[in-house]
Amino acid sequence: MPDYGQIQVGAGTLDARLVLGLAFVLFLMGAVGVLIRRHPIVILVCIELMLNAANLTLITFAAQLHNLEGQLFTLMTMTVAAAEAVVGLAILVDIFRVRDVDDVDELSELKG
Amino acid sequence: MLQTAALALLLLPAAGALVLALTALSIPRFAVRLIGPGVVWLGFLATLYLLSDSLQNNVAHDFTYWTWIKSGAFNLPANLLVDRLSIFMCLVITGVGGLIITYAVGYMDHEGDASYARFFCYMDLFIFSMLLLVLAGNFVFLIMGWAMVGLSSYLLIGFYYWRHSAVAAARKAFVMNIIGDVGLILAAIALFVQYGQTTYAGVFAAVPKSDGFWIEVIGFLLLVGAVAKSAQLPLHTWLPDAMEGPTPVSALIHAATMVTAGVYLIGRMHPIFDAATYAHNTSAIIGAATALFAATIAVVQTDIKRVLAYSTMSQIGYMFLAVGVGAYGAGFFHLLSHAFFKALLFMAAGNVIHAMNDEQDMRRYGGLWKQMRGTSICFLAGSLSLAGIIPFVGFFSKDLILGEDFSNPNVLPEVLWAVGLVTAVLTAFYTGRMWWIAFAGQPSADRPVEHPHEAPPVMMIPVVILALLTTFGGLLQVQALAPQGWALVSNFLQPVVGTVGWPDSPYELPLTAATLVLAIVLFLVAYNFYVRKAWRPWSKALPWLQALLERKYYVDELYDALIVRTMDDTARVGDVMLEEPLLDGTPGGIGAATRAGAGELALTQNGFFRTYVLVFVGGAAVALILILLVRATS
């Protein structure tokens, strides 16, 4: 992994590689979770995990480059994530009213 | 005020047609009876107003209502030309037209309500188109009117659209008329390209006074238009078939007004034709040839309306002959006279056809003189006028044409005069034949109605009015009898079309007398042939001639073989070679390929969420790898 330098955290500094590594691990966990888990709620949670990993990356680079745009964009991502969670959960609630779903592959009525 | 009257004259029939078209399904019958003829009679009143002004002041008005199109050199005002020629034509259209449409109120009475309104809608549309044609002050209005009379003629010939023959006849008439429209449009384009003018006033001021290449081209193109509209050789085949339309239509469109539009066109364009000598002479030759040609065919026709149709072609041939040699006044007098007596003949024939349960074969009539006295007398007046017998109007107008032809100093009119004389004699013979077969003698054995009823007053009154006009109309212009006598029609039109430029010949009167005697003799000869049957029918001696005439000189067959079948074959080849593989094949192939591809692609949409995610994440991974690779190499 190339050297991404140091970022300021409070009074001290931190190697950016550590934070980026954390974000990578988080993202991988989310992606793998979406791929292998079957329950729709869990999948939604995993998607949030990936979004947070992306947010972490954005903030890291914003701090490293002393650029506010990255931080602002994180706020944007969080708004979209909230909206996405609302819509996703609303759909799931509606589906659960009709029937109990354990596996998202049961919802395949719209295939071509 | 005059300007408004001219516009009202034009727009009243249009409004009538519009109202009837929009309400045809619901309008009560009495309203149709009021609106249909009413707007035409109102137009007649407007025409009388314009006439009184023209008689008092003798001014040609060119009313410009607004500028229609202005684009660079192309300047087109919306203008109407109200001069004596257009007033004269409007009098014929609204006067004779009004009588015929009033007659139609009775004639069409057995139609259903919707058809009844539809008929008067078309008739008013026709009157509007014809008025537009004659009132136009520029070539665009002329073309519009010209095409719209063709359209209304098409609609009215095909009025009984459930009859196959009517639809075929309507189509034939339309195609023939379109040939003429194209000629007229090309002429207008040539005039604009050559002289940069669209209005009559501009064009007539710009055209050269002497002959030239372009003026001849324009003359011949105009002639194509006139010949097609007036059913002259060689574009004549549509008119006899047009008799499929209701009889008032035949009287109005295919006798009195529309088919004389060609004569009007040549008269209106006389500055062009006076310069274009060859085109002008050709119109005279075509007229004389058609007159003789149609008269010979009329000798063997058995359908009463077809006899009248061929006689119409023949009489319009006379008009072409007159305007073709420059005797415009005589030509227009014959136009007026023909409108009187041919409308009369058609309407009287309509009375008979009505009484005979739509039977049109005159061999199955016979003996109507005793049972339908009123109609018979009127028909006799028309027949004697058509035959050119004194004192009926046809005598005065036709012998005026023959006289002007004869005294013309050139050689061509002399030759054409001889043709006209032969035609006049033949006309008397076939008219006599028609009259004697249909009305005289004993009732035919297979007559469809034993005791025919006379027509109701609404049909009889217009017929009687026209019979009176036919009998006394000759008093308008008596030069055929008295060369120094008054000439109301020619003098009225003199400011527009001028006078003939040659003196009368002293031999005119004896020749007129000879024509008259021959006509009377031939009219009576027909009696011996067809009623007394004293003589052997001439067709027994000349069977090949009979066959030739009955097949109308095989012109229809010739056109069928040369043009119709060639086009059909070309179309069929194109259908097989071009349309099916190329035009149908291309979009069809694209459609089939898309459908097949879509069928395959649809399988990838299997509905399993995790498959989608896998594809999505896999795609993102591949994209990431590609980006990194590109980064690494650059």
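This briefing describes a predicted model with chains A and B, beginning with the build of chain B and ending with individual residues of its loops and helices. The secondary structure of chain B amounts to 26 helices and two strands, and its C-alpha atoms fill a box of roughly 115 × 60 × 50 Å when the box is taken along the principal axes. Of the 634 residues in chain B, 50% count as buried, and the largest nonpolar core has 201 residues.

**Overall build of chain B**

- The domain assignment divides chain B into domain 1 (1–275), domain 2 (551–603) and domain 3 (609–634).
- Between domain 1 of chain B and domain 3 of chain B, the C-alpha centres are 76 Å apart, in a chain whose C-alpha atoms occupy a box of roughly 115 × 60 × 50 Å along the principal axes.
- When the contacts in chain B between residues at least 6 apart in sequence are considered, 81% of them join residues that are at least 24 apart.

**Nonpolar cores**

- Within the largest nonpolar core, which has 201 residues, the residues with the most contacts inside the core are B:L131, B:A343 and B:L344.
- The element that gives the most to this core is helix α15 of chain B (residues 328–355), with 19 residues.
- Once its neighbours within four places in sequence are left aside, B:L344 is in contact with B:C378, B:A381, B:G382, B:V463, B:L466, B:A467 and B:T470.

**Contact between the chains**

- Eleven residues from chain A and ten residues from chain B take part in the contact.
- On the side of chain A that touches chain B, the residues divide by class into six nonpolar, two polar and three charged.

**Packing of helices α19 and α22 in chain B**

- Helix α19 of chain B (residues 411–439) packs against helix α22 of chain B (residues 508–530) at an angle of about 35°, and the two axes are 8 Å apart.
- The crossing in which α19(B) passes α22(B) is right-handed.
- From α19(B), the residues that meet α22(B) include B:L421, B:A424, B:V425, B:A428, B:F429, B:R433 and B:W436, while the residues of α22(B) that meet α19(B) include B:T515, B:L518, B:A519, B:L522, B:F523, B:Y527 and B:Y530.
- The residues of this contact of α19(B) with α22(B) comprise 16 nonpolar, three polar and one charged.

- Although B:P510 and B:G388 are 122 residues apart along the chain, their C-alpha atoms are separated by 15 Å.
- B:P506 is placed in the loop between α21 (488–497) and α22 of chain B, and with 9 C-beta neighbours inside 10 Å this residue also counts as exposed.
- The C-alpha atoms of B:P506 and B:P483 are 9.4 Å apart in space, and the two residues are 23 apart in sequence.

**Backbone features in the loops of chain B**

- A cis peptide bond runs from B:L233 to B:P234, with omega near -5°, and B:P234 lies in the loop between α8 (213–229) and α9 (238–241) of chain B.
- The loop between α8 and α9 of chain B also holds B:A231, which has a positive phi of about 55° although it is not a glycine.
- B:A231 counts as buried because 29 other C-beta atoms lie within 10 Å of its own, where 20 or more is the requirement.
- Another cis peptide bond runs from B:I390 to B:P391, with omega near 5°, and B:P391 is in the loop between α17 (373–387) and α18 (393–407) of chain B.
- B:Y554, a residue that is not a glycine, has a positive phi of about 60°, and its place is in the loop between α24 (543–550) and α25 (555–602) of chain B.
- With 12 C-beta neighbours inside 10 Å, B:Y554 counts as exposed, since that class takes in residues with 12 or fewer.

Note on methods. Residues numbered from 1 in each chain as written. Chains lettered and ligands numbered in written order. Predicted model: local features only at pLDDT ≥ 70, side-chain atom pairs only at ≥ 80, totals over all residues. Axes fitted to C-alpha atoms, helices over the stretch in contact; angles between N-to-C directions. Helix = DSSP H or I, 4+ residues; strand = E, 2+ residues; numbered from the N terminus. Left-handed = near helix turned anticlockwise from the far one by under 90°. Contact = placed C-beta atoms within 7 Å. Nonpolar A, V, L, I, M, F, W, Y, C, P; charged D, E, K, R; others polar. Domains from an automatic or database assignment. Core = buried A, V, L, I, M, F, W, Y, C linked by C-beta atoms within 7 Å.
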